[in-house]
Amino acid sequence: MEALPAIVLSTEALEEMLERVGRRAAELVVAQLNADLREDPQDRQVKLLRCYLADRRSIEDPRAMWANSHHIRRIEVGSNGKPKSMTWLHRFKQESGLIDCVSRPSPTHGRLREWTFEDIANAWERYYMLKW
C-alpha cells in the first residue's frame with residue numbers, strides 16, 4: 001500500500017488556522033463591498049449595458065434591466081471623451097425605432113425615459129447596421 005502524506009494538527013492549531021482563514025475571507029468580502037459602494041450607480045449601469053451589447057448572454061433577463069438616455073449617451077463617448085450629444089440621442093431614437101418601444105419614467109430622474117436593455121440592444125444593432 002502506498003503511503004500518503006498527512007498533516008497532524010492539534011485542536012488549537014486547527015482553530016487558529018480556521019480563524020485566520022475566516023478573518024482573511026471577511027477582509028476580502030468587506031474590501032469588495034467597499035469597492036461596490038464607491039462605484040457610481042450610473043457608471044455601473046453603463047458598464048452592464050456595454051457588457052450586454054457586447055454579449056447578449058451576459059444578462060439573464062434583459063427585459064428586467066432598464067437604462068435611461070444618460071446611460072445610452074455614455075455607451076460610446078465622443079472623440080472629446082464626453083457622452084454623445086442630445087442631438088445624437090434624438091437621431092438614434094428616431095432612426096433605430098427606440099422611440100416606438102415601451103418606455104417608463106425613470107424612478108430616479110422623473111423626467112427621463114427608460115427602456116429595457118433588450119430594446120436598447122435591438123435599437124443599437126438596427127442603428128449601426130443602417131450606418132454601414
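This is a predicted model: local features need pLDDT of at least 70, side-chain atom pairs count only at pLDDT 80 or more; totals for chains, interfaces and linings use all residues.

Trainee: Which residues have the most contacts inside the largest nonpolar core?

Mentor: That core has 17 residues, and those with the most contacts inside it are Ile72, Trp88, Phe92, Leu98 and Ile120. Helix H2 (41–54), helix H4 (86–96) and helix H5 (117–131) are the elements that give two or more residues to this core. H5 gives the most, with six residues.

Trainee: Why might such residues be found together?

Mentor: In soluble globular proteins, nonpolar side chains tend to be buried together.

Trainee: What is leucine 98 in contact with, leaving aside its neighbours within four places in sequence?

Mentor: Leucine 98 is in contact with Ile72, Phe92, Lys93, Trp115, Asp119, Ile120 and Ala123.

Trainee: Why is leucine 18 called exposed?

Mentor: Leucine 18 lies in helix H1 (residues 11–38). Its relative accessibility is 55%, and the term exposed requires over 50%; therefore leucine 18 counts as exposed. Leucine 18 also belongs to a nonpolar patch on the surface, formed with Ile7, Leu9, Leu14, Met17 and Val21. Together, the residues of this patch have about 590 Å² of accessible area.

Trainee: Why does alanine 25 count as partly exposed?

Mentor: Alanine 25 is likewise placed in helix H1. Its value is 39% relative accessibility. Buried means under 20% and exposed means over 50%, with partly exposed in between, so alanine 25 counts as partly exposed.

Trainee: What makes E1 and E2 edge strands?

Mentor: Three strands form an open sheet in the order E1-E3-E2, with antiparallel pairing. Strand E1 (66–68) and strand E2 (104–105) each pair on one side only, which means that they are the edge strands.

Trainee: How do you know that E1 pairs with E3?

Mentor: Pairing requires at least two bridges between the strands. Three bridges join E1 to strand E3 (residues 113–116), and therefore the two strands count as paired. Within this antiparallel pair, alanine 67 has tryptophan 115 as its bridge partner, while asparagine 68 stands opposite glutamate 114.

Definitions and conventions: Residues are numbered from 1 along each chain as its sequence is written. Side-chain values use heavy atoms; hydrogens and water are left out. A nonpolar core is a set of buried Ala, Val, Leu, Ile, Met, Phe, Trp, Tyr and Cys residues joined through side-chain atoms within 4.5 Å. Buried means under 20% relative accessible area, exposed over 50%, partly exposed in between (1.4 Å probe, protein chains only). Helices (H or I, at least four residues) and strands (E, at least two) are DSSP runs, numbered from the N terminus. Contact means heavy atoms within 4.5 Å. Patches are made of residues with over 30% relative accessible area and no salt bridge: like charges are joined within 9 Å, nonpolar side chains (Val, Leu, Ile, Met, Phe, Trp, Tyr) within 5 Å. Accessible areas come from the Shrake-Rupley method with a 1.4 Å probe; for residues, only the protein chains shown count as cover. A salt bridge is a side-chain nitrogen of Lys or Arg within 4 Å of a carboxyl oxygen of Asp or Glu.
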